Amino acid sequence: MDTRTALLAAAAALLVASAVGAVAAPGAISDPRATDEPPGRIDVAGATVAPGDVRGETAELRLGTDLRHRGGTVENVTVRHRAIGAESGLLVDETTVDVGDVDFDGERTVNGTVTVEREGGYRIETVVFADGQRRQEQTTRVAGVAALTPDYADTQVGFTEGTVWPTVAVSVVEADNETATLSASVSVTNRGDEASEDVDLRLYLRQAESNVIAADATETVGTVRPGRTDTVTTTVEVPAGYNYYVDAALFDDDVLVDETQGVANLNPRETITANETVRDVAFSVEDFERDDAGGEGGDGSDRAPTDGASDGSTPGFGPLVALVALVVAALTARRRR
């Protein structure tokens, strides 16, 4: 046998021996990567803040923390959130979310909430712990909490804001020397994506110089389709010859949600505009007596006399003064002659 043949025979024998050993002991040859798994690592990939329940004085902030996991299992993971006042630096609220053992691949969002006052801004500090050890932290700043609309006042129906089309339009239906019947039309718009529920429209007609309420009315604003504008009309009766502010307000379950103002100028010599200060003019309280206030009102029988006498028991001085004036004039003329 030559050398070449001997080498080939030895190589073949070695391969056979290796194959037999692998079959007899399968674990003798293994991938070291399968047994040496890298340690688990968890990081904060991102954080979000969204409004939750908004009340009169406080608001709930919903916090979303994106956790990124790599490697082996990370045991006993917790996420702690702290809301700290931006100006005071005081702790306002704190919450801890128990995540447990983390072995997922990629990212997952962990949700939590804190409650803060609606006034001021805040710094939200988020810290991730594993077995009580700090692993990662994230800080988010929040401002403008006061601008959030409380849930009890959350309605998409409001007064129409136009530059030409009037929000409050007043017209005269009937008038005489004492009273005027006015028709007030108010425009409302649904700014939401769904049809609105019923709300109440309340009107006050307030005499401009005295702020005395001359009349009031309440109407129901029915369903308004999304993006549509409806007009609600009501009639009221007021004393003639005065100028009035027309105060309009929308109430949802007795909660004020929007307000606006118009005017009604019934005095041809004086005019007013909304939010304008005007000078004093003649004003008679008797004109504003209302039946629902307990008085008779409206018939003029209880008004004070206007001919110079108070009630008939004290005579006026008109004739006497005229007679005295004639005597004085006659004496003066005779003296001059």
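The protein chain of this predicted model has three helices and 15 strands. Of its 337 residues, 29% count as buried. The accessible surface of the chain comes to about 21800 Å², and carbon and sulfur atoms hold 49% of that area. Among contacts with a separation of 6 or more, 63% are between residues 24 or more positions apart.

The whole structure contains nine of them. One joins the side chains of Asp43 and Arg70, with an N to O distance of 2.8 Å. Asp43 belongs to strand β1 (residues 41-54) and Arg70 to strand β2 (residues 58-70), so this pair ties together parts of the chain that are 27 residues apart in sequence. The two partners differ in their surroundings. Asp43 has a relative accessible area of 9% and is therefore buried, the limit for that class being under 20%. Arg70, at 42% relative accessibility, counts as partly exposed. The pair also takes part in a network of salt bridges, in which Arg41, Asp43 and Arg70 are linked.

Another salt bridge is formed by the side chains of Arg206 and Asp247, again with N to O at 2.8 Å. Here Arg206 sits in strand β11 (residues 199-207) and Asp247 in strand β14, so the bridge ties together parts that are 41 residues apart in sequence. Both residues of this pair are buried. The side chains of Arg123 and Glu125 also meet in a salt bridge, at 3.1 Å from N to O. Glu125 has a relative accessible area of 26% and so is partly exposed.

One of the members, Asp105, is placed in the loop between β4 (91-102) and β5 (106-117). With a relative accessible area of 73%, Asp105 is exposed, since that class begins at values over 50%.

Asp253 is found in the loop that runs between β14 (243-252) and β15 (255-265). Its phi is positive, about 55 degrees, although Asp253 is not a glycine. Asp254 is found in that loop between β14 and β15 as well. Phi of Asp254 is near 65 degrees, which is likewise a positive value in a residue other than glycine. As for the side of the model that faces solvent, Asp253 is exposed with a relative accessible area of 68%, and Asp254 counts as exposed at 59% relative accessibility.

The C-alpha atoms of Asp230 and Thr189 are 6.5 Å apart in space, while the two residues are 41 residues apart in sequence. Once its neighbours within four places in sequence are set aside, Asp230 is in contact with Val186, Ser187, Val188, Thr223 and Val224.

Pro150 provides a case within a loop, the one between β7 (133-142) and β8 (157-159). Despite that location, Pro150 is buried, with a relative accessible area of 9%. Its C-alpha atom is separated by 5.0 Å from that of Arg55, a residue 95 residues away along the chain. Apart from its neighbours within four places in sequence, Pro150 is in contact with Val54, Arg55 and Arg118.

Key: Residues numbered from 1 in each chain as written. Predicted model: local features only at pLDDT ≥ 70, side-chain atom pairs only at ≥ 80, totals over all residues. Heavy atoms only, no water. Helix = DSSP H or I, 4+ residues; strand = E, 2+ residues; numbered from the N terminus. Buried < 20%, exposed > 50% of the residue type's maximum accessible area, 1.4 Å probe, protein only. Contact = heavy atoms within 4.5 Å. Areas by Shrake-Rupley, 256 points an atom, 1.4 Å probe, with all protein chains shown as cover. Salt bridge = Lys/Arg side-chain N within 4 Å of Asp/Glu carboxyl O.
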